[in-house]
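Please open the model in your viewer and keep the selection panel at hand.

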Amino acid sequence: MRTPLRPLTRRGLLTGTLGSAALLATGGSLTGCGTKAATQTEAGCTSDDLSATEKTLAFSNWPQYMDVDDKDAAKRPSLDAFVAASGIKVTYTEDINDNNEFFGKVQNQLAGCQSTGRDIIVLTDWMAARMIRLGWIQKLDPAKLPNVAANLLPSLRGRSFDQENRVAIPWQSGLAGLAYNGSVTGEIRTVNELLTRSDLKGKVTALSEMRDTMGLLLQSNGHDPSNFTAAQFDDALVKLRKAVESKHIRRFTGNDYAPDLAKGDIAACVGWSGDVIQLAGDNPKIRFVAPDSGVMLFSDNMLVPNKATHRGNAEALIDYYYQPAVAAKLAAYVNYICPVKGAQAEMEKIDPELAANPLIFPDDALLAKSKVFMALDEKQEKEYESRFQQVIGA
């Protein structure tokens, strides 16, 4: 098992290696400049596939999101094996550090039906949904993705922004839930407890990521964050506003809640599983909680942008990583939720401790109460983000 902690930017946060399975506690404006991005259609922006004659592939990913040989950082064992087996030369670049930042890099090309120079990009659900809505992503051929069809986790099938599972294929996944530092407070099991318990007043933070914080609040009210109404969103926002106005919530954060939680300066928070488990490597009393009302599931997804000329090569790589043995090798390094059925059995051969970790291989009970936030259209995105920002004071 890899033990060194390593910084990793994801959704504008930092995460690292996971610890023990015992860490999981379960309980009862479209563009950066504000201008409208130009949409495309499949008929109006066609892409040629030169994979039959050009055995190359340009793959853009987040930093530290690919397995690396511990003795030689220039080697990426699973990717190197794909190159050797397929004959496809892969140019692998770690140039995605933030969803919005990357959007700004490529929006002019994609809005103008021009090549980005990339054949695969990896983006988080909500940004993937935005690009799909704008018509900037190519559809994949299901016939070339047999491993995806066979092994994609049921919880990641039929998502609202990709009902047919042929546009955005999960690379890795993660959870947003609750966390607490048992060195300074007792166990916390529900969202309502986090937002109302008197001993926690002023010692709580929540995420500035609207989809995660509001998704958890929607669930705590008995609503489905993957399919909710404006009235239901407002009900959850009332609950959040009350916690803000009473100063129960100290502030809203990106991943910068992590050092405060580690020091005990905050007692509890809405947080991401990877952050929390990294902290628990130093203090096992820091726990990640999946409340009975539900947790938010997010994925970083492999997408083939318009005008990418090696879609077939991209499909070959995507399907390769849905082989359980390959997925297990990747998960042993990155330690996120593995989206591939059968990888857990393969992980037993690599590291039994990781194979038993429910935050890499969630059981059916945890997956059953995880939700992906509803895909929003342009109007909804602006409206919900605006209301949320008004409450959190951003």
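Domain bounds here come from an automatic or database domain assignment. For the protein chain, that assignment gives domain 1 as 56-173 + 299-360 and domain 2 as 174-297 + 375-391, so select and colour these two sets to begin. This is a predicted model, in which local features need pLDDT of at least 70 and side-chain atom pairs count only at pLDDT 80 or more, while totals for chains, interfaces and linings use all residues. Residues are numbered from 1 along each chain as its sequence is written, and side-chain values use heavy atoms, with hydrogens and water left out.

Next, turn to the two domains together: their C-alpha centres lie 28 Å apart, and the contact (heavy atoms within 4.5 Å) takes 13 residues from domain 1 and 13 residues from domain 2. Between them the domains bury about 1,000 Å², 60% of it on carbon and sulfur atoms, where buried area is the accessible area (1.4 Å probe) that two parts lose on being put together, summed over both.

Now select W126, R133 and L359, which supply 50% of the area that domain 1 buries against domain 2, more than any other three residues.

Under the rule applied (a side-chain nitrogen of Lys or Arg within 4 Å of a carboxyl oxygen of Asp or Glu), two salt bridges are found across the interface of domain 1 and domain 2.
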